[in-house]
Amino acid sequence: MAIEKALYTATATATGGRAGTAKSSDGALDVALSTPAQLGGAGGPGTNPEQLFAAGYSACFIGAMKAVSARQKIALPAEVSITSDVAIGPHANKPGAFGIQVDMKISVPGMDRAQLEALVATAHEVCPYSNATRGNVDVTLTIV
């Protein structure tokens, strides 16, 4: 999927792979990376790509919900939160490859359930992370 015009470009550099560091060009992100023990690593205090993806997708999806609700003139409560589980494991259809799947738990206290379901469905069509993963990553959206 091509974009019409870049409105913003983030630049980050990772060094050392899963047991290294990642830094953004503006210095706002500067993290140590650690490979989880479940993936054969030592664990450690650093973050990992799956955690970064979970945080980024959650934040981006909330942004999509805000954009859609503003366009539709729907009041979106401030207490919106999304907890995303990003799982990694052997790819089901590509021997030797790995894949991820995402399970998002969306909480919007006080909003009408039917209205929220429609908003989430539209946000899923608008969100850049949803568009990037569609057709390649299983994404489950659950309203809690």
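This tour moves through the structure stop by stop, stating what to select and what is found there.

The model is predicted, so local features are given at pLDDT of at least 70 and side-chain atom pairs at pLDDT 80 or more, while totals for chains, interfaces and linings use all residues. Residues are numbered from 1 along each chain as its sequence is written, and side-chain values use heavy atoms, without hydrogens and water.

**The whole chain**

Begin with the entire protein in cartoon view. It has three helices and six strands, which are DSSP runs numbered from the N terminus (helices: H or I, at least four residues; strands: E, at least two). Along the sequence their order is β-β-β-α-β-β-α-α-β. The C-alpha trace spans about 45 × 35 × 30 Å along its principal axes. Of the 144 residues, 31% count as buried; here buried means under 20% relative accessible area, exposed over 50%, and partly exposed in between (1.4 Å probe, protein chains only).

**The hairpin**

Select residues 12-15 and then residues 21-24. These are strands β1 and β2, which pair in the antiparallel sense over four bridges; two strands count as paired if DSSP finds at least two bridges between them. Ala12 stands opposite Ser24 in β2. The two strands form a hairpin with five residues between them, and Gly16 in the turn has a positive phi of about 90 degrees.

**Ser34**

Next, select Ser34, in the loop between β3 (30-32) and α1 (49-71). Is Ser34 buried or exposed? Its relative accessible area is 10%, so Ser34 is buried. Apart from neighbours within four places in sequence, Ser34 is in contact (heavy atoms within 4.5 Å) with Arg18, Gly43, Gly44, Pro45, Gly46, Thr47 and Asn48.

Now select Tyr57 and Phe61. Both lie in helix α1, four residues apart, about one turn of the helix. Tyr57 has 0% relative accessibility and therefore counts as buried; Phe61, with a relative accessible area of 0%, is buried as well.

The whole structure contains four aromatic pairs. Tyr57 and Phe61 form a tilted one, with 6.5 Å centre to centre and 55 degrees between the planes. By the rule used, rings of Phe, Tyr and Trp (its six-membered ring) pair if their centres lie within 6.5 Å; planes under 30 degrees apart are stacked, over 60 edge-to-face, and the rest tilted.

**The nonpolar core**

Which residues touch the most other members of the largest nonpolar core? Among its 24 residues, they are Phe61, Met65, Ile82, Ile106, Val108, Leu116 and Val120. Helix α1, strand β4, strand β5 (98-107) and helix α2 (113-126) each supply at least two residues of this core, and α1 gives the most, with eight. Such a core is a set of buried Ala, Val, Leu, Ile, Met, Phe, Trp, Tyr and Cys residues joined through side-chain atoms within 4.5 Å.

Select Val120 to look at one member. Leaving aside neighbours within four places in sequence, Val120 is in contact with Phe61, Met65, Ile106, Leu141 and Ile143.

**Two exposed residues**

Select Lys73, in the loop between α1 and β4 (81-90). Its relative accessibility is 75%, so Lys73 counts as exposed. Its phi is near 55 degrees, a positive value in a residue other than glycine.

Finish at Phe98 in strand β5, which counts as exposed because its relative accessibility is 57%. Beyond neighbours within four places in sequence, Phe98 is in contact with Ile88, Gly89, Pro90 and His91.
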